[in-house]
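Work through the exercises below with the sequence and the structure at hand. Each task is followed by a worked solution.

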Amino acid sequence: MALSSQQILNKGNLAFEKGKFKKAKQFYNIILKKNPYHSYANHNLGLIALSVNNGDEAISSFKRALDASPDIEQFWISYIDVLIREKKYENAKEVI
């Protein structure tokens, strides 16, 4: 029996919480193969990208999460935060 996206997301989140970022990333990418705009999988990939100082990848992931679910406040916060961290002040100002 195939796992649902929610079950895969839960497995990814558990791996993420344990610091197993490579494994978490694999779970999130499984979800994104079926649904490239899955907001939580994209957001969590952005968090992983931030943890390894890959700002450009984090920006892309957070933007996809935000595009998919603009009503989730945390996605706005994460996106604006990474724009500021990456010194993309004009972009952050536009988003705000």
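## Exercises on surface, fold and aromatic pairs

The model is a predicted one.

**Exercise 1.** State how many helices and strands the protein has, and give their pattern along the sequence.

Solution. The count gives 6 helices and 0 strands.

**Exercise 2.** Compare the radius of gyration of the protein with that of a compact globule.

Solution. Start from the chain length, which is 96 residues. For that length a compact globule would have a radius of gyration near 12 Å. The protein has 13 Å, which agrees. Along the principal axes, the C-alpha trace spans about 50 × 25 × 20 Å. As for burial, 38% of the 96 residues count as buried.

**Exercise 3.** Find what share of the contacts between residues at least 6 apart in sequence joins residues at least 24 apart.

Solution. Take the contacts between residues at least 6 apart in sequence. Of these, 35% join residues at least 24 apart.

**Exercise 4.** Search the whole structure for aromatic pairs and classify the pair of Phe16 and Phe21.

Solution. The search finds 2 aromatic pairs. In the pair of Phe16 and Phe21, the ring centres are 5.2 Å apart and the planes stand at 55°. Planes under 30 degrees apart would count as stacked and those over 60 as edge-to-face, so this pair is tilted. Next, check accessibility: Phe16 has 24% relative accessibility and counts as partly exposed. Phe21, with a relative accessible area of 30%, is partly exposed.

**Exercise 5.** Classify the pair of Tyr40 and Phe75, and say which parts of the protein the pair ties together.

Solution. The ring centres of Tyr40 and Phe75 are 5.4 Å apart, with 70° between the planes, and the pair is edge-to-face. Tyr40 lies in helix 3 (residues 39–51), while Phe75 lies in helix 5 (residues 73–85). The pair therefore ties together parts that are 35 residues apart in sequence. Tyr40 has a relative accessible area of 40%, so Tyr40 is partly exposed. Phe75 has a relative accessible area of 2%; buried means under 20%, so Phe75 is buried.

**Exercise 6.** Give the distance between the mean positions of the positive and negative charges.

Solution. The protein has 14 positive and 10 negative charges. Their mean positions are 12 Å apart.

Methods:
Residues are numbered from 1 along each chain as its sequence is written. This is a predicted model: local features need pLDDT of at least 70, side-chain atom pairs count only at pLDDT 80 or more; totals for chains, interfaces and linings use all residues. Side-chain values use heavy atoms; hydrogens and water are left out. Rings of Phe, Tyr and Trp (its six-membered ring) pair if their centres lie within 6.5 Å; planes under 30 degrees apart count as stacked, over 60 as edge-to-face and the rest as tilted. Buried means under 20% relative accessible area, exposed over 50%, partly exposed in between (1.4 Å probe, protein chains only). Helices (H or I, at least four residues) and strands (E, at least two) are DSSP runs, numbered from the N terminus. The radius of gyration is taken over C-alpha atoms; the globule rule is 2.2 Å times the number of residues to the power 0.38. Contact means heavy atoms within 4.5 Å. Lys and Arg count as positive and Asp and Glu as negative; His and the chain ends are not counted. The place of a charge is taken as NZ of Lys, CZ of Arg, CG of Asp or CD of Glu.
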